[in-house]
Amino acid sequence: MERVGIFVDGANLYHTTRALGFEIDFAAMLDYFGRSTYLVRAFYYTALIETEDYSPLRPLTDWLAYNGWQVVTKPAKQQSDPSGRLRLKGNMDVELAVDMLEMAPHLDHAVLFSGDGDFRRLVEAVQRMGVRVTVVSSVRSQPPMIADELRRQADAFLEIEEIGQDFTRRQVEARARPTTAPPPAAARTARATPADPYADTSAAEDA
């Protein structure tokens with residue numbers, strides 16, 4: 001059975017799905033990729049604001065950690081752009097690259113959820129180690145979220161809009177802010193994925 005690892009660039013995936021009007025069901029994502037493969041590990045990468053008592057991303061990262069995901073975080077810098085919108089600055093590229101390279105000897109197939117062209121060299125290095133790499137992103141979003149150089153380097157490209165019906169929920173309105181409060185701690189082990197907390201800020205990005 002094929003050994004698979006999932007590597008999710010959290011901020012990049014959020015911006016992609018938000019542009020398409022989706023929300024990710026992370027429990028269903030694990031089910032989707034584990035149906036006919038041996039899912040070795042699933043990683044989720046995001047920066048967190050650690051300077052405040054409450055981080056809008058904490059409910060999601062806590063839920064993921066209790067439900068089969070390996071969560072990798074680091075402190076992010078909170079900044080405001082000229083229009084006053086909140087930005088989260090925290091690049092997770094190095095952490096993702098280190099983990100994928102370390103996991104490569106134990107994998108047959110790596111699935112990267114990101115369209116960031118900076119990962120092209122990482123994909124190339126992992127391919128030289130005998131691992132097949134699939135990149136999941138979108139050319140249908142406006143603007144397209146997948147960099148041409150990353151798409152060309154990957155062994156396969158999956159358009160998330162085509163496969164997403166198995167692990168996404170269509171939002172009522174794209175880019176809408178969630179109306180539900182974060183789940184209490186006691187509910188973290190429930191199967192339903194909490195509302196995407198990136199939307200609790202005006203904007204969030206890795207840079």
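Met-129 is partly exposed, because its relative accessible area of 42% lies between the limits of 20% for buried and 50% for exposed. In this predicted model, Met-129 sits in the loop that joins α5 (120–128) to β8 (132–137). Which residues does Met-129 touch, once its neighbours within four places in sequence are left aside? The partners are Leu-101, Ala-104 and Pro-105. Take Pro-105: it is 24 residues away from Met-129 in sequence, yet the two C-alpha atoms are 7.3 Å apart in space. Contacts that span such stretches of sequence turn up across the chain: among those between residues at least 6 apart, 71% join residues at least 24 apart.

Now step back from the loop into the helix before it. α5 is followed by Gly-130, which has a positive phi, near 90 degrees. Within α5 itself, the buried residues are Leu-122, Val-123, Ala-125, Val-126 and Gln-127. What covers these buried residues? The cover includes α4 (93–103), β7, β8 and α6 (148–153).

On the α4 side, Leu-96, Ala-97, Met-100 and Leu-101 take part, and they meet Leu-122, Ala-125 and Val-126 of α5. By class, this contact has 7 nonpolar residues, with no polar and no charged ones.

Six strands form an open sheet with parallel pairing, in the order β4-β3-β1-β7-β8-β9. β4 (70–75) and β9 (156–159) are the edge strands; each has a single partner, so one side of each is left without a neighbour in the sheet. On average, neighbouring strands of this sheet are turned by 20 degrees against each other, direction ignored. Strands of a sheet pair through backbone hydrogen bonds, either parallel or antiparallel. For one case in detail, look at β3 (residues 38–48), which pairs with β4 in the parallel sense over 6 bridges. Thr-46 has Thr-73 in β4 as its bridge partner.

Helices lie across these strands as well. α1 (residues 10–20) lies across β1 (3–9), β3, β7 (109–113), β8 and β9, and runs at about 75 degrees to β1. α3 (residues 58–66) lies across β3 and β4, running at about 160 degrees to β3.

Finally, look for the rings. The structure holds 9 aromatic pairs. In one of them, the ring centres of Tyr-32 and Phe-33 are 4.9 Å apart and the planes stand at 85 degrees, so this pair is edge-to-face. Is each of these two buried or partly exposed? Tyr-32 is partly exposed, with a relative accessible area of 22%, whereas Phe-33 is buried, at 11%. Ring pairs link Tyr-32 and Phe-33 with Phe-113 and Phe-167 into a cluster.

Seen as a whole, the protein chain has 7 helices and 10 strands. Of its 207 residues, 51% count as buried.

Notes. Residues numbered from 1 in each chain as written. Predicted model: local features only at pLDDT ≥ 70, side-chain atom pairs only at ≥ 80, totals over all residues. Heavy atoms only, no water. Helix = DSSP H or I, 4+ residues; strand = E, 2+ residues; numbered from the N terminus. Buried < 20%, exposed > 50% of the residue type's maximum accessible area, 1.4 Å probe, protein only. Contact = heavy atoms within 4.5 Å. Pairing = 2+ DSSP bridges. Axes fitted to C-alpha atoms, helices over the stretch in contact; angles between N-to-C directions. Phe/Tyr/Trp six-rings, centres within 6.5 Å; stacked < 30°, edge-to-face > 60°. Nonpolar A, V, L, I, M, F, W, Y, C, P; charged D, E, K, R; others polar.
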